[in-house]
Amino acid sequence: MTSYIKFTPISGAKSEDALCYLLEIDEVKILLDCGWSDKFDVEDLVTLKKVAKQIDAVLISHCDLSHLGAYPYAKSQLGLKCPVYSTVPVVNMGKMCMYDLHQSKTNEVEFDTFTLEHVDEAFDKITSLRYSQPYALPGKCQGITITAYAAAHTIGGTIWKIKQDTDEIVYAVDFNHRKESHLDGTVLHSNGNVLDALTRPSLLITDALNAAVVHPPRKDRYAAMFDTMMTTLRSGGSVLLPTDSSARVLELSYLLDKHWTQNQLTYPLIMLTNTSYHTAHFAKIMLEWMGDDLTQHFSQTRENPFDFKYLRLCHKLEDLDVYSGPKVVIASNNSLETGFARDLFLRWMGEEPRPVTHNTLILTDRSAPGSLARHLHDIWDERTTAEAAAAATADDNTTTTITTHKTNARVIKPSIDYNETMHMTVYKRVPLEGEELAEYEERQREKAERDAAQAAIIARSKSIMEEDELLSDESDIDEADDTMEDLLGDQFDLYVKDAGRSGGFFKQAQSYRMFPYLERRKRIDDYGEAIQVEHFMKASDLDRLQLEKEEGEGGANFGNKEDDMVIDAVEPLLPGKDEKPMKYITTEQDVTIQCRLRYVDLEGLSDGRSMKTILPQIAPRKLIIVHGSTRPTEELAQACRNMDHFTKEIFTPDISQVLNVSAATNIYRVRLTDAMVSSLQFSKLDDYELARVSGRIHYPTDSTTPSLDVDTSEQPSRKSPSVFVGDIRLSEFKRVLQAEGISAEFKGEGVLVCNDCVAVRKTGTGQLLVEGILSPDYYKIRSLLYAQHAIL
């Protein structure tokens with residue numbers, strides 16, 4: 001039998017759009033990520049809609065919009081009913097991401113594409129996995145095992161390994177091999193080596209988003225950001241840093257709070273998102289998913305790094321009024337298309353009167369093409385590139401005012417003065433006034449009257465039922481029932497408050513339409529005895545009821561203060577719903593933007609140079625490149641094709657293009673005869689014993705399974721060449737050599753150099769080559785390499 005593997009991009013191929021891919025293994029359909037943009041245009045999901053009901057499993061790799069934004073909508077509207085898998089942080093922070101975006105949209109327009117209930121229902125259905133935990137998929141997916149590995153970039157970010165029989169598929173997008181302030185690098189490439197479990201897969205699916213990017217050192221990027229920030233603050237301006245609400249916001253907030261603490265700065269530092277309290281709360285309880293430095297510091301000092309010392313958490317724009325003067329605000333969302341970041345951008349950089357000093361906009365990622373943030377980034381990039389080129393060709397005696405931070409990788413470009421008029425859509429929620437307010441109040445009065453009438457009916461029905469309990473005979477009960485029927489008349493619906501339900505963030509508790517009904521309480525038991533409830537209560541319950549009665553009579557009920565503290569710790573406060581009568585106004589305006597503008601790359605992704613070093617060490621048998629604009633995608637593919645000993649099966653598919661990447665592996669089942677088994681000579685390899693067989697296949701008359709028997713016609717003197725069995729990884733062999741006192745280091749593209757005279761490398765087909773001058777070192781290294789295999 002042969003494994004049948006197909007791959008189809010639904011979104012995010014030869015573009016930087018949201019990620020969503022269909023992987024088919026035989027009859028099983030697996031969806032890799034389910035992203036969307038903050039425009040939430042349902043037309044973007046037309047292709048997903050066609051296959052959503054057929055999906056058997058969904059794997060989500062990161063907790064941001066581009067990886068899971070469409071998941072709640074697909075679950076509630078497109079018929080996606082299959083199991084979904086991710087890590088715990090992706091569940092928690094992904095929900096925060098969708099909450100924040102939903103609230104941002106409802107602050108601007110009448111938004112009903114999905115609801116908060118849809119978000120809750122979707123994320124409650126996710127099965128959470130831990131890193132390196134193999135999980136056998138159930139049902140139709142039986143036989144497939146998935147394993148999550150740390151991708152870095154975001155908390156809980158995942159590289160997925162999907163295994164069936166001899167096929168191993170690695171889905172590795174948006175990973176970061178470098179250590180950051182709150183996260184360690186990906187296990188895909190740790191300490192200069194690729195994790196053994198992820199090497200030599202049948203198929204590797206990776207992205208080209210950063211294929212054309214080369215990063216300066218991280219400390220230089222930090223220095224550039226802090227320099228720009230402090231220059232603005234000292235001149236009386238404020239700084240806006242747009243970011244997401246669940247992923248990269250953790251790196252930025254921790255980094256800035258640490259800088260403020262080390263330098264004892266007094267300028268207000270604020271995180272402004274709709275879910276800022278819960279974002280910080282989840283960060284505090286998920287330290288085990290973060291970097292070793294953070295967890296060790298917490299273990300030693302018991303100080304949680306996300307108990308911010310200087311960073312203040314706000315969830316309303318009005319909260320900023322408390323902090324006067326220059327300030328730094330981290331605000332959602334990073335695209336500047338919606339949310340508090342857009343509101344502040346217009347308020348600080350686009351409203352009259354013009355400030356005397358410049359406020360500054362610092363972009364920490366490029367955002368998606370077509371967004372306002374990407375437009376500003378591209379303008380900044382073009383102008384700084386042109387200025388750098390002009391400065392390089394200027395006369396040596398010419399004085400320039402360009403300030404740069406130079407590194408040995410590339411120049412960190414400076415900030416620019418941005419002063420241009422932009423045509424923008426401005427969203428506002430304003431209070432109702434005049435006739436609109438009068439009409440609204442009239443509708444509210446009518447609703448209140450209806451509610452009061454229904455409440456009166458309920459109160460009356462309750463009174464009748466209580467009287468009914470005191471009736472002594474059946475005729476009296478029947479009479480009360482007739483009275484109830486006269487009261488109710490025709491059937492009708494009414495809302496009954498469900499006091500036991502919690503509405504969650506920003507939500508009111510759900511109510512249900514019901515008939516007015518009160519259950520009759522029995523005053524006597526089945527044996528005719530009067531029921532006295534207090535006889536069946538514990539003494540502690542009686543004391544509690546008495547205490548509540550006394551407190552009620554005293555007009556106060558303070559509860560347990562310790563319990564209140566625990567509840568506050570588990571459920572941080574969130575903003576209440578604004579009940580003021582409001583309306584939405586959308587206008588098209590020409591807005592003059594005036595600010596200082598700078599981009600500092602804090603996206604937390606491996607750059608192109610690093611990827612071209614990592615991919616040869618993974619050595620996939622086949623490679624698919626997605627999620628990058630056309631030019632970086634083709635450049636990365638060409639760079640891989642030019643590598644020696646790298647696979648030539650490299651694919652760069654278009655949207656909806658179906659790739660057949662089936663593995664060339666055939667598996668057959670045969671039965672060994674007793675004579676064949678007794679003739680085998682086994683060699684041990686790890687936990688296995690292997691033997692080479694040579695015989696003749698025939699079909700017994702009493703079985704449908706073919707048998708393999710000794711071939712008696714084979715010449716005894718004929719000796720077959722030896723076969724080496726085993727898939728030794730060079731990282732493992734390096735440790736074997738070092739244990740034998742032989743120095744071994746990786747140089748170039750995955751070449752293991754031993755004692756500076758012998759090179760061991762693996763070709764694109766998996767063949768091991770030992771090259772060097774014939775010497776004692778050469779023969780010793782070759783013997784050690786042979787010893788790692790079973791020789792048949």
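**Close-up views of strand pairing in a predicted model**

**View 1. Pairing of Leu 22 with strand E3.** Leu 31 is the bridge partner of Leu 22 in E3. The structure shown is a predicted model. Strand E2 (residues 20–25) and E3 run antiparallel and are joined by five bridges. The two strands form a hairpin with two residues between them; in the turn, Asp 26 has a positive phi of about 55°.

**View 2. Burial of strand E3 (residues 28–32).** Five of the five residues in E3 are buried, and the strand is mostly covered. Val 28, Ile 30 and Leu 32 point one way from E3, whereas Lys 29 and Leu 31 point the other way.

**View 3. Parallel pairing of E3 with strand E4 (residues 57–59).** Three bridges connect E3 and E4 in the parallel sense. Val 58 in E4 is the bridge partner of Leu 31. Between E3 and E4 the chain passes through helix H1 (residues 46–51), giving a right-handed β-α-β crossover.

**View 4. The open sheet of seven strands.** The strand order is E7-E8-E9-E10-E13-E25-E26, with mixed pairing. Strands E7 (135–136) and E26 (650–651) stand at the edges with a single partner strand each, so one side of each has no neighbour in the sheet. Helix H17 (residues 630–641) packs on this sheet and touches strand E13 (203–207), strand E25 (623–626) and E26. The direction of H17 makes about 160° with that of E25.

**View 5. Antiparallel pairing of strands E8 (residues 144–150) and E9 (residues 158–164).** Seven bridges link E8 and E9 in the antiparallel sense. Ala 148 stands opposite Trp 160 in E9.

Notes:
Residues numbered from 1 in each chain as written. Predicted model: local features only at pLDDT ≥ 70, side-chain atom pairs only at ≥ 80, totals over all residues. Heavy atoms only, no water. Buried < 20%, exposed > 50% of the residue type's maximum accessible area, 1.4 Å probe, protein only. Helix = DSSP H or I, 4+ residues; strand = E, 2+ residues; numbered from the N terminus. Pairing = 2+ DSSP bridges. Right-handed = clockwise from strand over helix to strand, strands pointing away. Contact = heavy atoms within 4.5 Å. Axes fitted to C-alpha atoms, helices over the stretch in contact; angles between N-to-C directions.
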